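Reader: I am new to this structure and would like to know what lies behind the words used for it. Please show it to me, and I will ask about the terms in turn.

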Amino acid sequence: MAGDNVALLITDEVMGRTLSTRRDWVRSRERVWNAMQTADCVLVDGTFWTDEEMIGLGLSRKRARDIGHLPQSGPGGMLEWLEKLPPSTRKILIHINNTIPYSMRLRRARGAAPPRYRKSPSDGMEIVL
């Protein structure tokens, strides 16, 4: 169906470790959250820093949540949800939008994103569970 996304829960059956990823957090929060809580590693959408980012830049009239994205910052944002996961869960932000100078936003926010979330994957990155 148009606009649908794929969620993945990948399990290493030998080691019993799992990785969870899904971009569209807003429409299926409960199912996504349940998978994230049991995963050893989560890949989460980092497309928008704020909910009204595209509006503020004059690029859209829609908020991040209107198009299925949970912004990183603010009440109920992705960083707040990541803090609720077990400390042992590896958290990686993916799909960082080129409209947000990510490192600049983090510096300005002074600690809004804990250091363990500041890395986004690079081409060829291997994730070892």
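Author: This is a predicted model. The largest nonpolar core has 14 residues, and M36, V42, V44, M78, L82 and L85 touch the most other members.

Reader: Why is M36 called buried?

Author: The limit for buried is under 20% relative accessible area. M36 has a relative accessible area of 2%, so M36 is buried. This residue is found in helix α1. M36 and L19 are 17 residues apart in sequence, and their C-alpha atoms are 8.2 Å apart in space.

Reader: Which residues does V42 touch?

Author: Contact requires heavy atoms within 4.5 Å. Not counting residues up to four places away in sequence, V42 touches S20, M36, L82, L85, T89, R90, K91 and I92.

Reader: Why is strand β3 described as mostly covered?

Author: Strand β3 spans residues 41–45, and five of its five residues are buried. Both faces are covered: C41, L43 and D45 are buried on one side, V42 and V44 on the other.

Reader: How do you know that L43 is buried?

Author: Buried means under 20% relative accessible area. The value for L43 is 15%, and therefore L43 counts as buried. L43 touches L19, S20, T21, R22, I92, I94 and I127, leaving out residues up to four places away in sequence. One of these contacts, T21, is 22 residues from L43 in sequence and 4.8 Å from it in space, C-alpha to C-alpha.

Reader: How do you know that strands β2 and β3 pair?

Author: At least two bridges between two strands are needed for a pair. Strand β2 (residues 17–22) and β3 have four bridges, in the parallel sense, so they pair. Within this pairing, S20 stands opposite V42 in β3.

Reader: What joins β3 to strand β4?

Author: Five bridges join β3 to β4 (residues 90–94), and the two strands run parallel. With at least two bridges required, they therefore count as a pair. The bridge partner of V44 in β4 is L93.

Reader: Why is K91 called buried, and where is its place?

Author: K91 is in strand β4. Its relative accessibility is 7%, so K91 counts as buried, the limit being under 20%. K91 and L43 are 48 residues apart in sequence and 6.3 Å apart in space, C-alpha to C-alpha.

Reader: Is T18 buried or exposed, and what makes it so?

Author: T18 has 12% relative accessibility and therefore counts as buried; exposed would require over 50%. The place of T18 is in strand β2. Apart from its neighbours within four places in sequence, T18 is in contact with L9, I10, T11, T38, A39, D40, C41 and L129.

Reader: How many aromatic pairs does a search of the whole structure find?

Author: The search finds one aromatic pair. The ring centres of W33 and W81 are 4.8 Å apart and their planes are at 65 degrees, so this is an edge-to-face pair. The limits are centres within 6.5 Å for a pair and planes over 60 degrees apart for edge-to-face. The pair links distant parts of the chain: W33 is in helix α1 (residues 29–38) and W81 in helix α3 (residues 78–83), 48 residues apart. Both W33 and W81 are buried.

Reader: What sits over the ring of W81?

Author: The charged end of K84 sits there, 4.1 Å from the ring centre. The distance limit for such a placement is within 6 Å.

Reader: What does the secondary structure of the protein come to?

Author: There are four helices and four strands. From the N terminus on, the elements run β-β-α-β-α-α-β-α.

Reader: How many residues does the protein have, and what percentage count as buried?

Author: The protein has 129 residues, of which 39% count as buried. Its accessible surface comes to about 8000 Å², with 51% belonging to carbon and sulfur atoms. Among contacts with a separation of 6 or more, residues 24 or more positions apart account for 56%.

Note on methods:
Residues numbered from 1 in each chain as written. Predicted model: local features only at pLDDT ≥ 70, side-chain atom pairs only at ≥ 80, totals over all residues. Heavy atoms only, no water. Phe/Tyr/Trp six-rings, centres within 6.5 Å; stacked < 30°, edge-to-face > 60°. Buried < 20%, exposed > 50% of the residue type's maximum accessible area, 1.4 Å probe, protein only. Lys NZ or Arg CZ within 6 Å of the ring centre and 35° of its normal. Areas by Shrake-Rupley, 256 points an atom, 1.4 Å probe, with all protein chains shown as cover. Core = buried A, V, L, I, M, F, W, Y, C linked by side-chain atoms within 4.5 Å.
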